[in-house]
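Have the viewer open while you read.

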Amino acid sequence: MEQSQEEFAIRVRDLVVGFGRQTVLDQLSLNVRKGEILGLVGASGGGKSVLMRTIIGLIPRRSGTIEVMGHEIGGRTQGAATTWGILFQQGALFSSLTVRQNVQFPLRENLVLSQELMDEIAIAKLEMVGLRAQDADKYPAELSGGMTKRVALARALALDPPILFLDEPTSGLDPIAAGDFDALIGTLQKTLGLTVFMVTHDLASLTTVCDRVAALADGKIVAIGPMRELLQSEHPWVRAYFHGKRSQMLQHEMR
Amino acid sequence: MNSEPLLLTTPSGDVLKLRPEGSWTAANVTTLETLSRSVGADVDRSRAVTLDMSGVSALDTLGAWVLEKLSRRAASSGRSAEFVGVADHFSGLMDEVRQVNRHTPAPAAAPNPVLLRLGDLGKSTVGAREDITIFLQMLGALFMAVGGVLRRPRSLRLTSLVYQLYRIGWQAIPIVVLITFLIGAIIAQQGFFHFRRFGAESYTVDMVGILVLRELGVLIVAIMVAGRSGSAYTAELGSMKMREEIDALSTMGLDPVHVLILPRVAALVIALPILAFIGSIAALYGGGLVAQFYGGMAPAIYIARLHEAISVTHFEVGILKAPFMALVIGIVACSEGLRVKGSAESLGRQTTTSVVKSIFLVIVLDGLFAIFFASIGM
């Protein structure tokens, strides 16, 4: 037991989440190991984002337990920003703040440090995600889609959290930018020793950066393991997902 | 896991040995800043600096940067600085940090404050001209749309018009009635209170009647409509603009002025005179109640005095202004809505501008009408 607590960054047990009469997640259990990149796939509207939002405490749950880094998560967590960083699908940058201020925001709110150091850290983070110092004084409205995602990533990583949640990080990016972004996440994960929980539909991301892939169907995790194992899975939905026409074509070309 | 960070210094000849220990992480940032500042002078004095990293138990970007900054400070004036004993799992991070903050762009030179003021003045002058142009463009576009509807009456968006009428007319009635009722009551109370000194209490009725019908009824209602419905129009059209709904309409070959703006402005032009009428009646009623309970004037006398004091001309002067005010409010609200850019902040700014500008223009228009009616003897 002691061993397993050390090993897992996120442990979800028998989670039930629903809205009104509808049950979205039904007795779902999932373990995320420390230092891995876990990809989560599932049908649109099947509860992937709901699962992510429940773990980070944005959606109340009906029953079940969630442990993050060995601590059980209650309702709203204190000091959440130091535990995890979240990259929202649309970036969710604060539109009234510049890029620099956006990245500094978690630092300013959680720590006491000098403005000089804060500026340096913000620029350092921006450069780590592949932006230039010149971009720091732009407003979110002036950024392209790819840049918005990078700034959002820099903000999510501002406090060096051990866990990073990504909600469809490559959606809306062209294949080159998406590939770069995947590579960036891989590099940062290695450099900072992050645990990454990634909701994605991008088959290329799943094959290239994810250590394990979990498939969510009918409110449960129906298959979990490295991409190779998932391709062998007999579950009908997983087969349909990975062996559909689109996926076949992609995998064929990748070989 | 989280142990207090330390920075041990051992000077040996010209070489300064620094040995950081404990967790160099963001959680201890205050201590880290103090530590790095305290050795700053020593670093400047020594010829070479060695940073022995073997004692560090935890490291994140912030801690790595503080150490990297110390080594850069040492290296900056031609002296040597090196890291030794970097643990394997920290080496990636240390390498990464070594790359960053190399090219700090020169801060933009502070502009001359006088020039800045002058620039602002020039910009606002150009902006004012642009505002007038946009207003006239919108007016022209609306007339074109009205012309189109007159040629093909079936092209009028009747459903939309009725819905807007319901929203900005029918749903506004309770609040309009309440506020104008109170205004009428307050004016009457003030009249009785002050006119009593001259024994001219009965003239209160003249004052309430003329003031409400000619000016206050329509003005108060127009200001309320600008705040209530004008802001709603700006916010609606603005968020449609942000979500590219208006572009989508245009690409389908539909004119946004025809589909979105004409029904809204037309609804305002129809609803405002009606609201102004209802408001004026409510104000007169409020005045009447005060006359009865505060001024001791029987309702029959109040109505008889009102009969003598006001004529249809007063009512006409008030109500004639309403459609023009509605047109101004509608045009300002819609054109400000279309000027919204991508950000949420811009939506808020444009909505504020819309309300402020339409209230200002309504009052200016009221003044112009006062001059006009005085000169034609109404």
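Predicted model: local features only at pLDDT ≥ 70, side-chain atom pairs only at ≥ 80, totals over all residues.

On to the fold. Chain A is built from eleven helices and ten strands. Of its 255 residues, 40% are buried. If you take the contacts in chain A between residues at least 6 apart in sequence, 66% of them link residues at least 24 apart.

Now for the cores. The largest nonpolar core holds 96 residues, and the members touching the most others are Ile10(A), Leu38(A), Phe165(A), Val196(A), Phe197(A) and Met198(A). Which residues does Phe197(A) contact once its neighbours within four places in sequence are left aside? They are Ile10(A), Val32(A), Leu38(A), Met52(A), Ile163(A) and Phe165(A). There is also a second, separate core of 55 residues, and Ala145(B), Val208(B), Leu213(B) and Ala326(B) are among them.

Helix H4 (residues 99-110) of chain A is worth a click as well. Its buried residues are Val99(A), Arg100(A), Asn102(A), Val103(A), Gln104(A) and Leu107(A). The cover over the buried residues of H4(A) includes H5 and helix H6 (145-156) of chain A.

H5(A) turns up again where the chains meet. There, 25 residues of chain A are in contact with 24 residues of chain B. On the chain A side, the elements giving two or more residues are helix H5 (115-128) and helix H7 (175-192). H5(A) supplies the largest share of that side, eight residues.

Over in chain B, helix H7 (residues 203-242) packs against helix H9 (residues 256-293) at an angle of about 145°, and the two axes are 8 Å apart. The crossing of H7(B) and H9(B) is right-handed.

Here is the make-up of the two contacts by residue class:

| Contact | Nonpolar | Polar | Charged |
|---|---|---|---|
| H7(B) with H9(B) | 20 residues | six residues | one residue |

Then look at Phe197(A), one of the residues that touch the most other members of the largest nonpolar core.

Technical notes
Residues numbered from 1 in each chain as written. Chains lettered and ligands numbered in written order. Contact = placed C-beta atoms within 7 Å. Helix = DSSP H or I, 4+ residues; strand = E, 2+ residues; numbered from the N terminus. Buried ≥ 20, exposed ≤ 12 C-beta atoms within 10 Å, placed from the backbone. Core = buried A, V, L, I, M, F, W, Y, C linked by C-beta atoms within 7 Å. Axes fitted to C-alpha atoms, helices over the stretch in contact; angles between N-to-C directions. Left-handed = near helix turned anticlockwise from the far one by under 90°. Nonpolar A, V, L, I, M, F, W, Y, C, P; charged D, E, K, R; others polar.
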